[in-house]
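Thank you all for coming. Please have a look at the sequence and the model on the screen before I go on, and keep both in view while I talk.

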Amino acid sequence: MKHAIHWNLWSPFIRNALLLAGLISAGLAVWSHYGWMLLGGLAALALIVWQGTRLFMTRRRLTEQYRLVLLQKKRLRESEFRWKFAIEGSGDGLWDWNVADGSVYFSAQYKQMLGLAVDEMDQRLQEWETRVHPDDKAGSLMALQSHLDGQSPVYAAQYRMRCKDGSYKWILDRGMVVSRSDAGKPLRMIGIHTDITAHKQAEEKLQLAASVFTHALEGIMITDAQGLIIDVNQSFSRITGYERDEVLGRNPHLLSSGRQSQAFYAAMWRDLQEKGCWYGEVWNRRKSGEVYAHLQNISAVRDAQGQTRQYVSLFSDNTALKAHQQQLQHLAHFDALTDLPNRLLLADRLHQGMVQVQRRGQMLALAFVDLDGFKLINDSHGHEAGDHLLMTVATRMKQALREGDTLARLGGDEFVAVMFDLADEAACEPMLHRLLAAIAQPAQFGGHTLQVSGSLGVTFYPQVQELDADQLLRQADQAMYQAKLAGKNRYRFFGVE
């Protein structure tokens with residue numbers, strides 16, 4: 001029984017072991033006959049599986065790369081659209097040049113800038129070349145070639161470009177090669193095209209203003225809002241004697257001569273603040289101390305908010321002009337030979353004197369003086385001798401009168417003396433005697449003694465009837481002829497035989 005039990009326990013294992021041994025024996029028998037064929041098949045199968053896996057992975061990688069390329073192209077298109085949109089939106093034109101075949105893409109904004117429609121511009125580089133101003137073409141092409149050759153990092157040029165209507169616009173052109181071949185030859189270049197006509201015009205105006213500022217004959221002084229000098233031109237230095245560095249940051253008061261009051265300058269600044277400008281004559285002092293007159297025009301420069309930022313002063317030295325004006329004024333009122341008042345100034349003084357004596361309750365005497373024998377001296381010794389005698393007699397007669405009296409020359413050998421503020425008619429007689437004595441004194445000229453006498457006709461103002469200055473002169477002239485008829489070298493009163 002015991003042995004039966006043990007057999008029952010081990011019998012499955014024994015059967016399995018015998019089966020396994022049989023299989024191994026069969027397998028060895030098969031291997032011995034087909035082993036190498038089986039091994040080769042397994043190897044081939046493994047190779048096929050490996051190659052298939054590799055092809056699958058390669059296809060998967062290429063698919064992923066293709067997807068990435070498509071994504072990059074999409075992003076590139078979006079990026080190109082954005083920067084093209086940004087450039088166009090900024091008002092600039094865009095150009096894209098295929099250097100290899102010479103074709104150029106000109107954007108709509110580029111063409112619009114020149115007044116062209118979208119289809120009115122050939123997409124070739126020659127289209128650009130034919131529109132560049134002849135005077136600017138060489139410089140632009142040189143700058144372009146320099147960049148294409150790699151000699152400059154970017155291409156930049158300013159030139160005038162012809163528009164559809166024949167006018168020219170100033171263009172700022174900038175670009176860069178974005179693609180080169182393996183040999184370094186440029187393949188693609190992109191650039192932008194900016195209208196700078198307004199900028200150029202403003203620049204020209206500034207250059208013109210700077211040229212005017214520098215070369216103007218007028219002195220120009222610019223101050224800040226507080227009145228401190230911030231710039232002057234060369235004419236300022238020429239007129240004032242102060243160099244630019246000597247006046248910068250200083251107050252223009254350093255030029256003041258002191259001739260004009262504080263009230264004058266206060267009124268000037270009041271006009272500047274209220275009206276924004278002032279014009280007038282100012283007396284200033286040069287660095288040398290010389291006082292001079294100039295006409296000055298001051299204008300306030302205000303910003304967009306109306307606040308004064310600077311003051312611009314233009315002035316010209318009119319000292320010589322004033323001297324000339326004074327000379328002309330003098331010649332208009334004084335005799336050129338004797339420097340005595342002429343007929344015009346005599347009329348003015350006589351009119352004023354007539355008003356004055358009436359107001360004061362006094363009288364004036366008017367003496368018409370004619371030289372006796374003057375024509376003989378002129379004929380005998382010449383006009384030079386006659387002029388010398390006239391100047392000598394004029395000086396002596398003027399000295400014979402009082403300081404407030406007037407001696408005038410009407411022309412030739414005729415003079416008029418006006419004596420003011422007389423108490424009565426007799427008060428003028430001492431002066432009349434002194435006039436006759438002064439005239440009768442001999443004068444020396446060229447070794448000759450020259451001598452004349454005088455005939456005086458005298459009238460008075462006021463009289464019973466109302467008279468004007470011309471009537472007084474005619475009365476005195478008539479009295480003078482009475483003196484000549486009476487023997488000359490004497491005086492006669494009008495109305496007295």
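Let me begin with a question: is the crossing of H12 and H13 left-handed or right-handed? In this model, which is a predicted one, the crossing of these two helices is right-handed. The contact is made on the H12 side by Val-393, Arg-396, Met-397 and Ala-400, and on the H13 side by Met-431, Arg-434, Leu-435, Ala-438 and Ile-439.

Five strands form an open sheet in the order E7-E6-E10-E9-E8, and the pairing is antiparallel. The edges are E7, residues 229–232, and E8, residues 277–285, each of which pairs on one side only. On average, and with direction ignored, neighbouring strands of this sheet are turned by 25 degrees against each other. E6, residues 219–224, is joined to E7 by three bridges, the two strands running antiparallel, and Met-221 stands opposite Val-232 in E7.

H8, residues 262–275, lies across E8, E9 and E10, and runs at about 150 degrees to E8. H9, residues 319–333, packs on the sheet and touches E8, E9 and E10, while its direction makes about 125 degrees with that of E9.

Definitions and conventions
Residues are numbered from 1 along each chain as its sequence is written. This is a predicted model: local features need pLDDT of at least 70, side-chain atom pairs count only at pLDDT 80 or more; totals for chains, interfaces and linings use all residues. Side-chain values use heavy atoms; hydrogens and water are left out. A crossing is left-handed if the near helix is turned anticlockwise from the far one by less than a right angle, and right-handed if clockwise. Helices (H or I, at least four residues) and strands (E, at least two) are DSSP runs, numbered from the N terminus. Contact means heavy atoms within 4.5 Å. Two strands pair if DSSP finds at least two bridges between them. Axes are lines fitted to C-alpha atoms, for helices over the stretch in contact, and angles run from 0 to 180 degrees between N-to-C directions.
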